[in-house]
Structures are given as C-alpha cells and as structure tokens.
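What follows is a guided reading of one structure, taken a region at a time. Please keep the sequence and the model in view while reading.

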Amino acid sequence: AVEGQGVGNGRIEPAADARFMLASSTKADLLETLLARSLDKSVWVRYNTMKTLTSLASNTRVAALPRDQWTRVLEIATRRMQDSASTTRRAAVQLVRTLIELHPFGPALQGSGDERTKADHLLREVAKRMHKLQQEEAQEAVRQAEEVLERNEQNNDTEENGLMAAGTKRLKKKTVTDQTITKEVESCLAEEEEQKDAAEERKRQWKALKRMQDCYTQRLRFVELLDNAEARLRTLLTSKTVSDVTEAIGVVVELRLRNVPAATRAFDQVLGLVWSRTAQIKDAAVEAFSRMHVEGRTPSEAMKALLEMYEHGCRGGSWTHTHLASVQELIREVAEKGTLDPQEAIPELVAALQGPLCPMALRALTALGAASGAKLLTVLPHIANLMGPDGTARGASAADRLERCMLLCHLLQRVQAYPQAAACEEAWVHIWTLCQHSIHTLVSIFATGSVPPQWFGAAQATIDLSFEIAISAKGPEAAEMRYPDRLWEQILSRMLCGLLQQSRPLAPLADATAAVAAELATEPLSPGVKTEDEAEQKQQQQQQQQQQQ
C-alpha cells in the first residue's frame, strides 16, 4: 500500500513522503524465502543470497534484518564459508565480517568462556526477578479475592441491619454510613489506581526482563558461533585462492579488535602470511598488522601495543621463532610504508629498555633498525650505557642476562650492517665494548658451573657478531677484532680445561678477552695474514691519495 497520496489537476500524485509499507508477516515470509535460497543448487543464487543478506545487515537506517535472525544468518554464513564456489565463499566471509561489525548485541564480545560466565550470572538474576514478579502478582490476586469476599460480607451485614431498623424508627438525618460513603468511594478509587499502577509497573518490568533474557541468550549463541567459525577461518587462511585468504584476514582482524579469544590462533597464523609470495596476501597481512597495532595510535601507544603483543606471545609460550621473525618483518614493512615513523618510535623503545619489557624492546628495535639504521646509530651510545658493563638494564638473573645478550648481539649486527656505521669510529667503539661484555657474560656464567638453556643461543649470537665485526673492523682496537677465530680458540680451550680439570688455569674472568688479545699480539702472524694486511694498507693509502688529488 502507498501512503501519502494527493489529488491535483484531475490526477493522483504521490506525496513527498510516500513509501511502500509491508506487513510484518510478509517481511517474515520474504526473509524465510531468502534464507532458504542459501542452499540452492545454483552458484549464482547462493552468491546473490549472501550479497542480499549483507545488504540487509549493513542497513543501519532501519532494522532490515531483525535482531532475532542475526544468529541464524551467522550460522548460515559460516556454513557457506565452505562452499564449493569461490565467489560464494568470498560473499559469505564478507557477510560474516558485516555481522561482526554491526551486531546489535552490545559493544564487547569477549569469547564464549567469559560470555558464558557473564550470561549465566545475568540470566540467573533475570530469572530470580521474574520469579519475584510472579509471586507479587499472585499475592496481589489473593489480596484482591480476599477484599471481594470481605466487601460481600459487609454488604450482607448492612442490608440485614437496615431491614431490622426500618420497622422501629424513621431516619430524620444522615447516618454514619451516609456521612462516610464519599470517603469510602475516594479510598476505593485510590486503591484501584495504586493497584493499576503497580500492575502496570510489574508488566513493564516483566517486558524489560524478558527482552534482556532474549537478548543475552541470542548474544551468547552469536559468540558461540564465532568461536566455532575459527577452524573454518584457519582453513581459509591456507587456501590456494587469494580472495579466500584476504577476506579471511579481514574477519580475523575484526574479531581481534573485539578481543574475541577464538581469533588468537588465527591471528598468529596471519603473522606468517607476511612471507607469502603473493603480493596481495602479503599486503593484506601487513595491513592487518598495521590496523591492529599502529593505526589510530600515537607512537607511544603503538610501541606499548607492540611490546604487549610480544610479551603475550613470548610469555604465553604460543610463539615460535617463526612468529618472532614474522613480527620483525611486519614491523619493518609497516615502517617502510610510512605507517610507523621510526624516528619517533625508536626513542620510545630505548626508554622501555629500563623496564621489565626490555627483551621485547630489543626485538622491536632490531626490526625498526632495518628501516632506519641512521636513527638507531644515534641512540647507540644510550643503549651502550644501559646494556654495557655498568648498565642498569643488564638483567637480574643469569637467564635474563643471557637472553638480553643474545638480543643485543642481534641488534648490534643490524647496526654494523648499516653503511654509515663503517665510517663512525665511535660506533665501532660501542659495538666492540658491548661485544666484549657479551663474551665476558658468557664466560662468567659458564664458570659458575650452572649453565641455563639461554646460554647456547647467546653464545651463537655472540660468536656470529664477533665474526661479522671482523670483516670491517675499524678503530684502535681493530687488530683485536680482526681475528675472532683465535679469540674463540683461546676461550674454548680454557673452557675445556676447566671442564676436564687440567692443570692449565683459566684466565681471570674480568680479563678474559684482554688476555686473549695479549696472546694474539705476541703471536707471529702467518704469511697469508701479513699479505692481507699489507694489501689492505696499500688500498687505504691509494684511497687517501685519490681523495687528496
């Protein structure tokens, strides 16, 4: 039917606010027909069914999709995520994403575990109050019945007394009943009004409680369906179809933004997609990471979010070395695309080195160093003061010191790989000082006789750093840095003597590297080493002459 029609110039014209109105039963029938078409054998029909449902769910101007149908539509959409046709799967994932973004069940979805606890407490409270209203209504009905009986008895007594008095005397003035009848009528009307107000209030409360009960029951079912969809999302993330992966990444991000625990493992899987050979999938993974931790945040807030992500993944035990490498690559990609400014982020991470999140800050600094080596070079003196021999961020326990030594060596490898670092003698002094400190930490903890598991990773990182430094050693201590094989030969031989308890004593721990350097200085150089040194000196002289010319 069309409302708001007007007549003018002999013809019927619709008014400006004319609109078609459908009966609620007709709307329900049309929706049932649409939902039934989700199982149609035609791919085109299934695809357009998903698109139509997405359009209905995204219509925020009017409630085109009833709230009691959202859970049913979500269940249908999660099933169609496994459709045989890629177009239908993509439309189904888009529908799931729209349902998550615009769901009418409140702003926070904390997963089925927390939601189950919260919903159980709330539903028990609602049931308790509804039972109380039922008891009040029953008591009110009993009271009204007793009042009716009492009034009937009073009326019977009044009629009997009136009949007896009529035969003995005439009434010449108002009786007590005549004088109080107005008050009785007013009192009765007031009681009726109070009873009516109480009944209306109970009815209103009952409707509100019933509406809350239905809402939280549907909300809990909605979250349970999201939890059950995690396995299907993870399957789509491994699909060979690019659209399946990119759309699934979008749904996982929406779930993670709402702190749904079901998406935790799926998001960890998204991190590894940064290594994908398909550019669209890699870009989608980088965009998802940026949206989760960088976009809409200040540099301080972004770094805090990254450190919390590192802590949650590392301390929780769910991350492997692959996850750590993926996160570092994602941070580098985000910084190179300009979404994250390393010039502002690196100082925030350096400040975090003095706190309990120092290992996480070192990891993030290593990742940002690949995008901005110049800024990392400027903060190297501050890092040396904090992490050096007299620093305050070395770590309390042996395991903490070893872990930080390993991460510091990774960071120093990144710094020394920066081209401008080769020309800065001050930087080489700091790099070599920190490398010596790492060597001393390894030897001192080994000498205690209690070697934590972190020792082996720290030893490998320290050895790698010393050999990388030797390639382009600069400064007054270049001779000491140039022969790491001899340095580690001396150190390992002393370790072996200590294990075998041979007569050859270990050098003092504080002077381990100095003792090795002294021995290296006294040993004669082999002809091959001499030739290399002479060739290098000649090359440097030629470069200086060319610069002077």
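The lining of the largest cavity has, by class, three nonpolar, two polar and three charged residues, where Ala, Val, Leu, Ile, Met, Phe, Trp, Tyr, Cys and Pro count as nonpolar, Asp, Glu, Lys and Arg as charged, and the others, Gly among them, as polar. This is a predicted model, in which local features need pLDDT of at least 70 and side-chain atom pairs count only at pLDDT 80 or more, while totals for chains, interfaces and linings use all residues. Residues are numbered from 1 along each chain as its sequence is written, and side-chain values use heavy atoms, with hydrogens and water left out.

The residues that line this largest cavity are Met387, Arg394, Arg401, Arg404, Cys405, Leu408, His437 and Thr441. A cavity here is a set of points, on a 1 Å grid over the protein atoms alone, where a 1.4 Å probe fits but cannot get out, and lining residues have an atom within 4 Å of a point. Helix H17 (398-416) and helix H18 (425-447) each supply at least two residues of the lining of the largest cavity, and the largest share, four residues, comes from H17. Helices are DSSP runs (H or I, at least four residues), numbered from the N terminus. The volume of the largest cavity is about 50 Å³, a volume being the space filled by probe spheres set on the grid points, which are joined across faces, edges and corners. Across the whole structure, a search finds two cavities of 30 Å³ or more.

Unlike a cavity, a pocket is an open set of points, with protein on both sides within 12 Å along at least five of seven lines. How much space lies in the largest pocket? About 480 Å³ lies there, and of the 20 residues that line this pocket, the closest to its centre are Lys27, Leu56, Ala63, Ala64 and Pro66. Helix H1 (24-36) and H2 each supply at least two residues of the lining, with H1 giving the most, seven residues. By class, the lining of the largest pocket has twelve nonpolar, four polar and four charged residues.

Helix H2 (residues 43-57) also packs with helix H4 (residues 86-101), at an angle of about 15° and with their axes 9 Å apart. Axes are lines fitted to C-alpha atoms, for helices over the stretch in contact, and angles run from 0 to 180 degrees between N-to-C directions. H2 and H4 are therefore roughly parallel to each other, since angles under 35 degrees count as roughly parallel, over 145 as roughly antiparallel, 65 to 115 as roughly perpendicular and the rest as oblique. Their crossing is left-handed, a term for a near helix turned anticlockwise from the far one by less than a right angle, with right-handed used if clockwise. The contact (heavy atoms within 4.5 Å) includes Val43, Arg46 and Tyr47 of H2 and Thr87, Thr88 and Ala91 of H4, and by class it has nine nonpolar, five polar and two charged residues.

The crossing of H8 and H9 is left-handed. Here Ile249, Val252 and Arg256 in H8 meet Thr264, Ala266, Phe267 and Val270 in H9, and these residues divide into five nonpolar, one polar and one charged.

A last pair is formed by helix H12 (residues 321-336) and helix H14 (residues 358-369), which pack at an angle of about 45° with their axes 8 Å apart. H12 and H14 are therefore oblique to each other, and their crossing is right-handed.
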